[in-house]
Amino acid sequence: MIPIVSKLPQVGTTIFTVMSALANEVGAVNLSQGFPDYDTSPELIKLVTQAMKKGHNQYAPMAGYMPLREQISRKTEKLYGVNYDPDTEITITAGGTQAIFTAIATVIRPNDEVIIFEPAFDCYAPAIKVAGGIVKSLELEPPDYRINWDMVKRLTNSRTKMIILNSPHNPTATILQQKDIDELSAIVKNQDILILSDEVYEHLIYDGQSHLSMARYPELKQRSFIVASFGKPFHATGWKVGYCMAPADLMNEFRKVHQFLVFCVNAPMQVAIAEYLKNEETYLGLREFFQQKRDYFREGLKSSRFEILPCAGSYFQSVRYGRITDENDTDLAIRLTKEIGVASIPVSAFYNQGTDYHVLRFCFAKRQETLDKAVDRLIKV
């Protein structure tokens with residue numbers, strides 16, 4: 001066999017695949033991987049069918065179906081009061097993950113340093129390493145998982161090319177506050193540091209709080225790739241349709257890489273989503289929909305021995321289990337899946353060094369009967 005030196009020697013099958021497979025194997029309630037167990041909107045399905053029947057079955061434009069880019073531009077202006085040119089500053093991608101990989105591949109060169117905050121979504125570090133970059137991670141601790149910006153300043157140097165942010169955050173369900181924005185702005189001011197802002201849960205923020213998108217702040221907007229997704233909010237993760245917004249000079253380079261990764265994204269879904277977005281309630285109503293699920297799940301867990309951590313956004317709820325056992329989180333997640341029939345994600349999987357604070361993550365984007373079944377089992381632990 002021809003020897004191959006792996007670019008990702010420590011990387012195996014993701015924990016999401018492992019836990020979902022185990023849940024399927026033993027017939028457990030799957031609150032591990034972040035996808036809903038209920039259907040997407042019948043109206044959206046109808047719109048996809050109509051798009052197919054009308055002939056939208058060939059390649060879409062490389063940058064994306066223009067009416068969809070225009071709807072994204074209108075949505076962004078409505079929510080954040082800022083304009084992105086649909087022609088030069090918005091690109092439709094094959095989900096948020098492809099947008100993240102493309103942004104990193106576009107700008108990161110060998111030995112460039114990228115700051116990430118752990119626990120971090122698992123695609124960030126591998127993409128940086130494949131590009132030849134160096135991951136500089138800062139670990140955040142429960143229960144608040146706040147960023148220590150003094151430590152960020154210490155990590156920043158002349159080789160720092162990018163800072164990756166995720167708000168609302170997966171897996172911790174925290175969100176950026178104005179203090180974070182002020183600290184970030186001060187650090188990058190007059191520096192050649194780019195920002196990759198993962199905002200796929202932008203519409204899932206609770207208790208009357210606001211999403212502080214990088215788009216809101218001119219100093220940050222001019223240096224930011226902003227990534228978002230339709231799969232999460234529209235309960236259609238299998239469609240893999242997302243997008244990236246960035247200033248024209250950054251987007252021009254982004255598209256050079258994008259066209260050789262996927263070239264374009266499936267056409268009928270783009271056509272359908274463009275039409276669907278004309279009704280603003282399709283995204284404005286998501287906050288209430290998911291907050292009800294969050295509150296229902298949290299209320300059910302109150303009678304358990306788990307410590308319920310704060311959840312300000314996303315559709316994930318983390319818990320600490322120190323009052324139950326001193327097992328490591330991966331062993332406990334596997335045992336709970338097999339013995340009580342509820343699958344979760346061990347949060348140590350989101351740390352490069354596997355740091356274990358005895359925290360599990362549950363996805364509450366599920367039907368009420370699914371949540372009931374899970375809670376009935378978890379309160380017996």
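This is a predicted model: local features need pLDDT of at least 70, side-chain atom pairs count only at pLDDT 80 or more; totals for chains, interfaces and linings use all residues.
View A. Residues are numbered from 1 along each chain as its sequence is written, and side-chain values use heavy atoms, leaving out hydrogens and water. Look for glycine 285 in the loop that links α11 (281-284) to α12; here helices (H or I, at least four residues) and strands (E, at least two) are DSSP runs, numbered from the N terminus. Threonine 91 lies 194 residues away along the chain from glycine 285, and their C-alpha atoms are separated by 25 Å.

**View B. Helix α12 beside helix α14.** Helix α12 (residues 286-301) packs against helix α14 (residues 368-378) at an angle of about 20 degrees, and their axes are 9 Å apart. That angle makes α12 roughly parallel to α14. Axes are lines fitted to C-alpha atoms, for helices over the stretch in contact, and angles run from 0 to 180 degrees between N-to-C directions. Angles under 35 degrees count as roughly parallel, over 145 as roughly antiparallel, 65 to 115 as roughly perpendicular, and the rest as oblique. On the α12 side you will find Lys293, Tyr296, Phe297, Gly300 and Leu301, which meet Gln368, Leu371, Asp372, Val375 and Leu378 of α14; contact means heavy atoms within 4.5 Å. Six nonpolar, two polar and two charged residues make up this contact of α12 with α14. Ala, Val, Leu, Ile, Met, Phe, Trp, Tyr, Cys and Pro count as nonpolar, Asp, Glu, Lys and Arg as charged, and the others, Gly among them, as polar.

**View C. Helix α1 beside helix α13.** Here helix α1 (residues 15-26) and helix α13 (residues 329-339) have axes 9 Å apart and pack at an angle of about 20 degrees. Helix α1 is therefore roughly parallel to α13. Their crossing is right-handed. Met19, Leu22, Ala23 and Val26 come from α1, and Ala333, Ile334, Thr337 and Lys338 come from α13. By class, the contact of α1 with α13 has six nonpolar residues, one polar and one charged.

**View D. Helix α2 crossing helix α10.** The axes of helix α2 (residues 42-53) and helix α10 (residues 267-276) come within 8 Å, and they cross at roughly 130 degrees. With that angle, α2 is oblique to α10. The crossing of α2 and α10 is right-handed. Glu43, Leu44, Leu47, Val48, Ala51 and Met52 form the α2 side, with Pro268, Met269, Val271, Ala272, Ile273, Glu275 and Tyr276 on the α10 side. The contact of α2 with α10 holds 11 nonpolar, no polar and two charged residues.

**View E. Methionine 162 in the largest nonpolar core.** A nonpolar core is a set of buried Ala, Val, Leu, Ile, Met, Phe, Trp, Tyr and Cys residues joined through side-chain atoms within 4.5 Å. The largest one has 119 residues, of which Ile104, Phe117, Met162, Leu165 and Phe225 touch the most other members. Leaving aside neighbours within four places in sequence, methionine 162 has contacts that include Ala103, Ile104, Glu113, Leu196 and Phe225. In soluble globular proteins, nonpolar side chains tend to be buried together.

View F. Serine 167 is joined to proline 168 by a cis peptide bond, with omega near -10 degrees. Proline 168 sits in the loop between β5 (160-166) and α7 (178-188). The bond from asparagine 170 to proline 171 is cis too, and its omega is about 20 degrees. Proline 171 is likewise found in the loop between β5 and α7.

**View G. Buried loop residues.** Tyrosine 145, in the loop between β4 (134-139) and α6 (149-155), has a phi near 55 degrees, a positive value in a residue other than glycine. At 4% relative accessibility, tyrosine 145 counts as buried. Serine 314, from the loop between β9 (307-308) and β10 (316-320), has a positive phi of about 75 degrees although it is not a glycine. Serine 314 counts as buried, at 0% relative accessibility. Alanine 215 is in the loop between β6 (194-198) and α8 (218-221), and is buried at 2% relative accessibility.

Key
Buried means under 20% relative accessible area, exposed over 50%, partly exposed in between (1.4 Å probe, protein chains only). A crossing is left-handed if the near helix is turned anticlockwise from the far one by less than a right angle, and right-handed if clockwise.
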